[in-house]
Amino acid sequence: MEHQPESDESWAQLNRMLDAVLSLPPEQRSAWLDTLPPEHAALGPRLRSLLARSAQVETDDFLGTLPPISVSSEAATALGPSTGRAGDTIGPYRLDRELGRGGMGSVWLAERVDGLIDRPVALKLPHAIANFLGLAERMARERTILAALNHPHIARLYDAGLTDDGQPYLALEYVEGQPFDVYGKSLDLHGRLRLFLQVANAVAYAHGKLIIHRDLKPANILVTPDGYVRLLDFGIAKLLDNDAARDGALTEFGARALTPEYASPEQIRGEPLTVSSDVYSLGVLLYELLTGRLPYPRKSRPELEHAILNTEPQRPSDVAGRALRGDLDTIAIKALKKQPEERYATANALADDVLRYLEGRPVLARPDSTRYRLMKFVGRHKIGVASAAAVLIAILAGAGVSIWQARVAIAEKEHAQAVERFVVSIFQEADPYRQAGRPLTAAELLRHAERDISARFADRSALRISLLGLVGTGLMNLDELPAAESSVQQAVSDAVLLYGQEHTETLRARVLLAEVHAAQRDNDSLRKELPTLETAAREVVAQEPELLVRVLKAKTDLAIEEARFEDGAAPVREAFELALRTLGPKHPTTVGASTLLAEAVMFSGAQPELIMKESQRGLDFALAAYGGREDGPRVIQMRDVHIRALEATGRYDDAIVEGDKIIASAGEAFGPTSMPVASAMMNTARMRMRVGDVATAVAQSEQALEILGAHIDKESREYVYARTSHALALMAARRFAEALPELDAMTLMAEKIYGSDGWDAVTMHYQRALALANLGRADEARSALAIPLDPSEEQYDAAWVNRMQGSVAVLIGDYDTAVTRLLAAKELLTGPTAALREPQILSFLGLAQLERGETAAALTTLTRAQQASDQLGFRMHPVYADILTGLGRAHVELRAPAAAIAPLERADAFWREFDANNVAGGATAYWLARAYAMNGRKADADAAQARARALLLHSPRASDARLLAARQ
Amino acid sequence: MSEQPQADLTDLLRRAQNGDSRAFDDLFHATYDELRTLARRRLRFDQRGSLLDTTALVHESYLRFVAASRVRIEDRGHFMHFAARVMRSIVVDFIRERCAERRGGGVARIPLTSGADAIVDPTTAGGESEILRVHEALDELGKLDPKLVRLVEMRYFGGMTEAEIAEALEISERTVRRDWEKARLLLAEALAT
């Protein structure tokens, strides 16, 4: 040092001076030095020289950070004991070679020593930092959850543990591929967006299982050479986070290693995370895909964090300098909102919007919007006179109409008695012997009553109005809507004339009319009526709360019917709360509101956990209102909503269990061959088909159809729907010859009911096409597919359309078209059911590739199909048998007969048990014979070949004929 | 860690804070080995050529000791303050070892610039030199103002934030800022010669 070391005292003085001058702002320091008192003047030069460096020190950020210490791997090895070398054993795994290193640890390719997992795994060895605070318990807890992630686009977590000397490890599925952003560079915009859809769907799936990723970034999203996305490290950030209180904190305790570029504002702030955080990260990924840049390009970490919290990102179209449509801008910006509530609520919603852009149209991935009217079942139920009155009252009461209570403003005893007398008289007159010798239905009874009223009560009177209202209500609940409308319309006109426009009686009638319109799905009328009705009902809410409740329910109905799902929940929620307060929890109207609320939440596309929570609430509520009786009619109604909620959230297995229970309940409540039973059977059969339980689905739908046929009009919508479902079950069971005549008939009926264009017609013709193609009738199949499509229709399902076109193409030998369509179908899969629908697509794709001679590609496709199916955990079914057969065939064609035998034997065993005479088993037997022959098992080969011939002879398919003609 | 019984360090910490040099020594040895092992393991797993993240190490060591119930959570400030001192020793020791290696001990000679495999990265040689010189300057400064030296250790070697330092030294953040400026000026002066 250029000056002498200070004595203690002079240092103390210098110190004090420095403290004083440094407490001043920089611009004042020079002046202060100028005015030093004489006893300190000696220190002046030293102080000045020190302070002269002040500016430099600031700009250089002197001593701001510790400089890097570079250490090569050799030196590092030399420095200390290695904890990772090829051949080392970590837990049950043996290290093979190092795959890479990152901030959190290193990753090795490894194998399981005991062979329990026969694939190589990626073994992640986190830093020592992970070895803290209950990691063992956390791993045990999380491992089960994470291992439950079965999705084609998510890399599996197989195993997690701690070695004896405290080294934690995570065994993940080993994925070979390029990071998302690198792979994306070779694609055009649409290709990149399709890739993004795969990611979003995988994330949505995991969110459905209540798992958040927390660390979505390109390095964690690999794309295999054939364009298949695999997400890595799902939920692992949480596993390694060693501070349970700081859920996802980025800025302390070694987690500085996590990249902030993809982190959400709440992650930066160290707040608890929700699925919105993943949505945000998806937004960053999307932004990067669109523009090639991050939304906040900043150099230093503090600047980046500040930008994430405070700066609005530039619009992608401004950055990328290309004409990105406005939609993409909006989508990206919305996903990147600072406030979680302003972003997309779910990854699904984000995926849907992207899909919308890709297809150039609005898309709504909503659950099936057919809604349920309990009373319809009983509507056409034939009744005997004796129980007619009871049934009528039950019908009316069941709909939440309290007949005898003070609905009538003139609550006179006389009036009430008059009504009662009239009702009784209807039934007295319904003498079966006077009606062409057959019993009446309740509907007929009421229609009769309506005509009667006009005759018997010619004057417009309070009584007449009441009766018209009553009858109208009854007719509405029996789904006799035109008759209901005429009755109630009459009541309204009468009331206007008798009481005037403003009177509560008139309001009552008009509310009833609105309910009829809602039942008719007459949205135009509703739209006109509801605003004034709501205002009027609010004015009298103190005296007649039920009117407002009913109006608000109708408002929700309208919102749902108009697919304004977001607007659905609020009105019915208000209605429910009002009903609860004023009518009480056991009032049928309250229960009805509760059920409608659960339904509205389900339709609103809320997150799965919210849908289920709301559905459970509705269930509990309905049960409580009916004293725990599961077979109460309103309870059954709610249970039906519950099943559809399960279906909407992709929980098909649970839906099936519930469905079977409802079948039992409805059987007890209405009789084992009653309509509600049939309807429940049909729904459950449909769900069974989706999970691949084809055999039961066919049997159940047959049963349902039988019961239905005894009850309802064979030209009614329900019957057509039921028969179609049955035909589809037959298709799934490969009984095409039986299915086709059904489909033909139902197509005609559907066209009569729904019109000869529109989505319903399309689905019918497409199913016919598939059946025809399977029966070798190629030209007819082609013309069935020629029906025009309208992608702007609400129900349009692009994935389905492409899959059907592709499947038909495979069957008629048009393999090029097939491959194009099936690949497109795969890309377009979205929503919670994507994973379920994939195996079918892949199975056909594999077949097309086999027929084109692309055996290796087919092998890859079918292997993945098998994996996807396995991950879904369904039992053996025809599609799976197809996949196995394809795999076997591929192995045979690749001259690997040993590998061929196992899958073929499984498939063959399946067909022999499921349906031994089905020609579908013929191809399987054929390839099995080939495999046996190649393995030198002549006797087995001969037996299988004999079976194959017997079956193939009856097969109409061209490909089967080729097999028959082929030489061994 | 060794198999010695895991004594509660809190007491040692407090005594060391109060100037008990024996306690300080014990504490130093107890933590030095541990941190050294951690540092080595971190060096192994870091990407090649990246820096030794002492901040993370300091936090990590705190956690490790808390996990082993050897330090109470309330003593965080004191512990990290202390760990920063230890970190200084570790870093300096590392650099000195490496210099010894380069002069031909233990590791095969590797050409100075063979791309990514070079042990001596020209850009870090300057950095390492800075570290050593700061270390020496701090020794000198420590004779005059030990408290200032602690602050530099915490900031430079430990990577602690102003808030954390304030907590550890039980002073205000404003004072921390002022003293940090003071220390930097003095050290800038020392390194300029």
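The model is predicted, so local features need pLDDT of at least 70 and side-chain atom pairs count only at pLDDT 80 or more, while totals for chains, interfaces and linings use all residues. Residues are numbered from 1 along each chain as written, chains are lettered from A in the order written, and side-chain values use heavy atoms, without hydrogens and water.

**Loop residues with positive phi**

- Most residues other than glycine have a negative phi.
- A:R895, in the loop between α40 (878-893) and α41 (897-915) of chain A, has a phi near 60°.
- At 60% relative accessibility, A:R895 is exposed (over 50% relative accessible area, 1.4 Å probe, protein chains only).
- B:E170, in the loop between α7 (162-169) and α8 (173-192) of chain B, has a positive phi of about 55° and is exposed at 63%.

**Helix α39 of chain A**

- The 18 residues of α39 (855-872) should span 26 Å at 1.5 Å a residue, and the end C-alpha atoms are 25 Å apart, which agrees.
- Buried residues (under 20% relative accessible area) of α39(A) include A:L859, A:L862 and A:A865.
- The buried residues of α39(A) pack against α38 (834-851), α40 and α41 of chain A.

**Helices α6 and α8 of chain B**

- Helix α6 (146-157) packs on α8(B) at about 95°, with axes 10 Å apart; the two are therefore roughly perpendicular (65 to 115 degrees).
- In contact (heavy atoms within 4.5 Å), B:L148, B:L151, B:V152 and B:R155 of α6(B) meet residues of α8(B) including B:W180 and B:L187.
- The contact residues divide into eight nonpolar, no polar and three charged.

Definitions and conventions
Helix = DSSP H or I, 4+ residues; strand = E, 2+ residues; numbered from the N terminus. Expected span 1.5 Å × (residues − 1). Axes fitted to C-alpha atoms, helices over the stretch in contact; angles between N-to-C directions. Parallel < 35°, antiparallel > 145°, perpendicular 65-115°, else oblique. Nonpolar A, V, L, I, M, F, W, Y, C, P; charged D, E, K, R; others polar.
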